[in-house]
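Please look over the sequence and the model shown below before reading the notes that accompany them.

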Amino acid sequence: MRIREAAAYLGVSDDTVRRWIDRGLLGARTDESGRKVVDGYEVAMVARDHASPPRLPPGLRSSARNRFVGLVTEIRSDAVMSQVELQCGPFRVVSLMSSEAVRDLALEPGSVAVAVIKSTNVVIETEDQRGSA
C-alpha cells in the first residue's frame, strides 16, 4: 500500500505516515517502481491501536461492541417512521426508527447520540484482486 493510501486509511497526512515510518511505528519497503510502501495489515494494526473514538456519555453501559458516538445532523420524520442521520467522526450513520422513539429520545439536530450496531449480518466488500481476464 502506498503512503498516500495508508494516510487516507489512518486519517492523517502523508508526512505523518513518513514520520511514523522513521520512528519505526510502521515498517516500509521499496516496491518495484522505487516507491516506499507499507503493509496493509500493519496499517490496520496502527489504526486499531491509535483509534480514539469519543467516550460514551456518562452512565451508559451496553454489551454491544460496535458503537459510534456522534452528532445528529438530520431527522426526516412522517407520522410513523423517522430517518435519523448521525455524523460519527468521519462516518455517516443512518438509522430508521419510529417517530415515537425520536420524540422519546428527544433527538434533534445537534444532539449527541450513540449508534449501536448489533447484528449478525455484516457485509464486507473489497476490490476484485483477480484482475480482468
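The report below takes up the basis of the model, its nonpolar cores, its salt bridges and a surface patch.

## Basis of the model

This is a predicted model, in which local features need pLDDT of at least 70 and side-chain atom pairs count only at pLDDT 80 or more, whereas totals for chains, interfaces and linings use all residues. Residues are numbered from 1 along each chain as its sequence is written, and side-chain values use heavy atoms, with hydrogens and water left out.

## Nonpolar cores

The largest nonpolar core has 11 residues, namely I3, A6, A7, L10, V17, W20, I21, L26, V38, V43 and V46. A nonpolar core is here a set of buried Ala, Val, Leu, Ile, Met, Phe, Trp, Tyr and Cys residues joined through side-chain atoms within 4.5 Å; buried means under 20% relative accessible area, exposed over 50%, and partly exposed in between (1.4 Å probe, protein chains only). Helices α1 (3-10), α2 and α3 (40-50) each supply at least two residues of this core, and the largest share, 4 residues, comes from α1. Helices (H or I, at least four residues) and strands (E, at least two) are DSSP runs, numbered from the N terminus.

A second, separate core of 10 residues includes L86, V93, M97 and A115. In soluble globular proteins, nonpolar side chains tend to be buried together.

## Salt bridges and a polar contact in the helices

The structure holds 5 salt bridges, a salt bridge being a side-chain nitrogen of Lys or Arg within 4 Å of a carboxyl oxygen of Asp or Glu. One of them joins the side chains of R4 and D14 at 3.9 Å, N to O. Because R4 lies in helix α1 and D14 in helix α2, this pair ties together parts that are 10 residues apart in sequence. R4 counts as exposed, at 63% relative accessibility, while D14 is partly exposed, with a relative accessible area of 24%.

Another salt bridge, of 3.4 Å from N to O, joins the side chains of D15 and R18, which both lie in helix α2, 3 residues apart, or about one turn of the helix. D15 is partly exposed at 47% relative accessible area, and R18 is partly exposed at 38%. Helix α2 (residues 14-23) also holds T16, which is buried, with a relative accessible area of 15%. The side chains of T16 and R19 are joined by a polar contact of 3.0 Å, that is, a pair of N or O atoms within 3.5 Å, where within protein one must be able to donate a hydrogen and the other to accept it, and residues adjacent in sequence count only if both atoms are side-chain atoms.

## A salt-bridge network

E74, R76, E85 and R92 are linked in a network of salt bridges. The side chains of R76 and E85 meet at 3.5 Å, N to O. R76 is partly exposed, with a relative accessible area of 43%, whereas E85 is buried, at 8%.

## A nonpolar surface patch

V80, M81, V94 and L96 make a nonpolar surface patch of about 380 Å². Patches are made of residues with over 30% relative accessible area and no salt bridge, like charges being joined within 9 Å and nonpolar side chains (Val, Leu, Ile, Met, Phe, Trp, Tyr) within 5 Å; accessible areas come from the Shrake-Rupley method with a 1.4 Å probe, and for residues only the protein chains shown count as cover. V94 is found in strand β5 (residues 91-98) and is partly exposed, with a relative accessible area of 39%.
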